[in-house]
Amino acid sequence: MNQSCKYTLRRNAAIGAAIAIVTASSAFGIGASVASAATDEAAAPSSTTTSAPQDATTAATATTATTDSDTQQAAPDDAPADPAPATDPAPTTETAAPDDTPAPTPAGTTTPTADPGTTTPAAEQPAPEASTPVTWAEPSTEDAPIVLTATAGQPFSHTFTAQGGDGPLEYLFAPVNFDPTNDVNGWSWNEQTGVLSATPKSTIDGPALFLVTATDMHQTAKQYVQVDIEPGAPVGVTFGVDSSDSDVSWQVDADGTIREYTPGGTGETVVSEVPATVGSSMTLAGLAVDALGNRTTPGDGYPRSTVTSTTASDGVVWDPNWSANTVTFSEPGTRTLTVSEGGVSTSFTVRVSEAPAAVAGIAVGVLPADETSGDRWGVEGDVITYYPADGDAQRVDAIPARQGDRVQIRALAVDADGQPVGDHTDLTFTSDVASDRIEYDPEAAATWVTFDHASPHTITVAYGDVTSTIRFEVQPTATTVASTTHTPTASGTLAYTGADESGPLAWALGLLASGAGLLVWRLRRRLS
């Protein structure tokens, strides 16, 4: 067992080493004064004094023996000892009571201590209770949050700082009224610094509400914060344009760009001007917007806007019921209309023709009632073209249907260039079977026809003197050949070699082939 020596043992060992040095010094003829100085420093007891010179090996052996003897047992005061020189009083003085005086316990010596079981280990000590609560300088609730303001298009940053806590605070952010995975304004936050930031783009979703929780991992404090997003400075007016003599609609951006939307089209076309005819009118409802398209005039309704024309004879009337301006064109020519609202304005060009373009035909598309087969039919005059969902187009004599079926007919009058003329409501629909039910659908800008009788049916679509006929072969409900496959009737079927791309109905037939419907785009509805 490895233990530290007692003080007396170490003292005797030191004295023995000193005697060995003195003995070795005498053997080599070193002066007695040096040996005496070494003896004074070691203060050897009387029991270890030697009177005869020895060689170095003998002295070392003697020293070791003395040390081993002391290790086993300290010599008593009355034990016999070698005689010491009478002229050397130092050993007697140093060894007056070497064994009777208690010696201090050196470092490393085992000292009895209290039972360790009576003291609670540090790991088991209960954590001290938090002494400083976490607080916010300003109270808030979800119904009464702190309100901050951000501006669309401008960087926003706010640092949240709570007080108290027994250590560094962290800040947890939780959006309350929006989904952070579908965030158009790009909100971000830092939980260590408490910084909330974004460069918001849109005001449409309204204010952003956050729950901010400050915590030191023992205590928490909550704060509700609402960030209002205000629009930037207005840069212009945006508005929709609806014409009284066309189903085509236009959207004018704040920078004057004109985007045209054709009924049934799949996208927009940028044009340089808006066409009109003498006697027709246009409806304009303008909104002032910032550079990101956010409306800048507060309020839920459409604000009062004004319209001016470079042609003095054009009449402008404000309609408070629709919150829009109506412009009527009294003479042909090109003019500039300027729409103003909210302290800004935007202009665009209108070209007014002498008279409406002549109607060259009627574009007709027929869709099955179930809308699941993908089949379509296009009608040009008296020619019916079948567009199967997965095959080549064919010309057929009639469109198959079942008794009780309801089909949708989309139609527009078009001019020689295939451009729409007029509105779907300008068309009339008639059937040679009195039981057929014909209903107009304003949302789809289409007409529904329901067949209650199984027999051949002819639907006539007319725009003034221009007509188009649609032939249907309606089978009884029990008959499944035509109804389940929507296969064109075999009678008179011809292989289709392609529509005449230069014809007036090429535009409509192309839409039918691509599956697009002839829908009316109302930009006023988009804005609202």
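This is a predicted model: local features need pLDDT of at least 70, side-chain atom pairs count only at pLDDT 80 or more; totals for chains, interfaces and linings use all residues.
1. Aromatic pairs. The structure contains 11 aromatic pairs. One of them is formed by Phe 173 and Trp 189, whose ring centres are 5.8 Å apart. Their planes meet at 20 degrees, so this pair is stacked; the label applies because planes under 30 degrees apart count as stacked.

2. Phe 173 belongs to strand β3 (residues 170-175), and Trp 189 to strand β4 (residues 188-190). The two residues are 16 residues apart, and their pair links distant parts of the chain.

3. The cluster. Phe 173 and Trp 189 also belong to a cluster linked by ring pairs.

4. A charge over a ring. Which residue has its charged end over the ring of Trp 448? It is Arg 406, and the distance from its charged end to the ring centre is 3.9 Å.

5. The sheet. Four strands make up an open sheet in the order β23-β30-β29-β26, and the pairing is mixed. Strands β23 (399-402) and β26 (428-431) are the edges, each pairing on one side only. On average, neighbouring strands in this sheet are turned by 30 degrees against each other, with direction ignored.

6. Strands β29 and β30. How many bridges join β29 to β30? There are 8, between residues 456-463 of β29 and residues 466-475 of β30, and the two strands run antiparallel. Two partners can be picked out: His 457 is bridged to Phe 472 in β30, and Thr 458 is bridged to Arg 471 in β30. In a regular strand, side chains alternate between the two faces of the sheet.

7. The hairpin. Strands β29 and β30 form a hairpin with 2 residues between the strands. In this hairpin, Gly 464 takes a positive phi near 60 degrees.

8. Strands β26 and β29. The edge strand β26 is joined to β29 by 4 bridges, and these strands run antiparallel. Thr 428 stands opposite Ala 462 in β29.

How values were computed. Residues are numbered from 1 along each chain as its sequence is written. Side-chain values use heavy atoms; hydrogens and water are left out. Rings of Phe, Tyr and Trp (its six-membered ring) pair if their centres lie within 6.5 Å; planes under 30 degrees apart count as stacked, over 60 as edge-to-face and the rest as tilted. A charge sits over a ring if NZ of Lys or CZ of Arg is within 6 Å of the ring centre and within 35 degrees of the ring normal. Two strands pair if DSSP finds at least two bridges between them. Axes are lines fitted to C-alpha atoms, for helices over the stretch in contact, and angles run from 0 to 180 degrees between N-to-C directions.
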